[in-house]
Amino acid sequence: MGINVFQVDAFSDKPFGGNPAGVIPDAKGMEEEKMQTVAREMNISETAFIEKLDEDYFNVRFFTPKKEVEMCGHATIGAFFILAKKRYITPIENGVKTVHQYTRVGKLPVYISYVDGEVNKVAMEQAPPEEFGHVKDLGELAKSLGIDIGDIGIEGLEVLPKIVSTGLKDIILPVKSKQVLDGIKVDNEHLSRLSVENDVIGVHVFYMPDVDGDIVYTRNFAPRVNIDEESATGTANGALIYLLKNDGILKGNRMLAYQGKSMNRPSQIECVITEDNKVMVGGQARMSIDGILMISE
């Protein structure tokens, strides 16, 4: 027995950029145990398993090599890029087509941009933002990242790390310089323990070079779910734009996040937030593998 399997680099239009995701577009009838086995074999941060319900509605489940997660931003971008490119979704010539995915965090719209009948970009609306308070022990958090507690924050502003979710709970952590961001050295065991204690997936660290601007540099660490570092993180950057807007730091409603350079997989994540706190995250993608996975007993 063989299944169609794809690997796609989300949030990049260049080979070997962005964040790789596995995509199984024909997962109807596949048992959960088999999904987990396939995700482990794919051995990338997340693999999306898709069941087409009708023309514009899809059931999607996300698995890391270790466990199922409720939501994944970059795997959503990758999944719907493949669904559009391989004509599982009927294309339009130009403009934006809206489809929907059912996930563990609810029904969410996905927006597919077409140019001359081909998919150009994919954006997704994330789950409604939620805050879960501040991190209590900043010293331990700083220690787990190999930085000083004085490195945490935004110069000239009173900003502390918060736990925020737009589908997955992450610690959103500001640092005061690009040098600090680039120099992070994670103690995976320590950060995994702190992630369990704070009931989060991981920590999303960001540096904002201009508090009047809309550009951020980010890194994401989630060793609790077997991801030492991730090159592009849709849900965490969605949580970040919400936090910056809600705290009055971001003046407009758009943000461009640069992530993945430390992993030699540069990514660009385009984020938008509306006045009523709807968060959209999107970007380009590129297919890197198209094949058949043989799973016969």
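This report walks through a predicted model of one protein chain, from its overall build down to single residues.

**The whole chain**

The chain folds into six helices and 18 strands. Its radius of gyration is 18 Å, close to the 19 Å that the globule rule gives for 297 residues, so the chain is as compact as a globular protein of that length. The C-alpha trace spans about 55 × 45 × 30 Å along its principal axes.

Burial comes next. Of the 297 residues, 55% count as buried. The chain exposes about 13000 Å². Carbon and sulfur atoms supply 46% of that area.

Take the contacts with a separation of 6 or more: residues 24 or more positions apart account for 63% of them.

**Helix α2**

Helix α2 covers residues 73-85, which makes 13 residues. From first C-alpha to last, α2 reaches 18 Å. That is close to the 18 Å expected at 1.5 Å a residue.

How much of α2 is covered? Most of it: twelve of its 13 residues are buried. Just after the helix, Arg87 takes a positive phi of about 65 degrees.

Ser192 is found in helix α5, residues 188-197. Leu168 lies in the loop between β10 (162-165) and β11 (169-174).

Why does Ser192 count as buried? Its relative accessibility is 18%, and buried means under 20%. Leu168 has 11% relative accessibility, so Leu168 counts as buried too.

The table lists what each one touches, leaving out residues up to four places away in sequence.

| Residue | Relative accessibility | Touches |
|---|---|---|
| Ser192 | 18% | Pro223, Arg224 |
| Leu168 | 11% | Glu70, Met71, Ile201, Thr235 |

Leu168 also gives a sense of distance within the chain. Leu168 and Asn264 are 96 residues apart in sequence. In space, they are 25 Å apart, C-alpha to C-alpha.

Key. Residues are numbered from 1 along each chain as its sequence is written. This is a predicted model: local features need pLDDT of at least 70, side-chain atom pairs count only at pLDDT 80 or more; totals for chains, interfaces and linings use all residues. Side-chain values use heavy atoms; hydrogens and water are left out. Helices (H or I, at least four residues) and strands (E, at least two) are DSSP runs, numbered from the N terminus. The expected span of a helix is 1.5 Å times one less than its number of residues. Buried means under 20% relative accessible area, exposed over 50%, partly exposed in between (1.4 Å probe, protein chains only). The radius of gyration is taken over C-alpha atoms; the globule rule is 2.2 Å times the number of residues to the power 0.38. Contact means heavy atoms within 4.5 Å. Accessible areas come from the Shrake-Rupley method with a 1.4 Å probe; for residues, only the protein chains shown count as cover.
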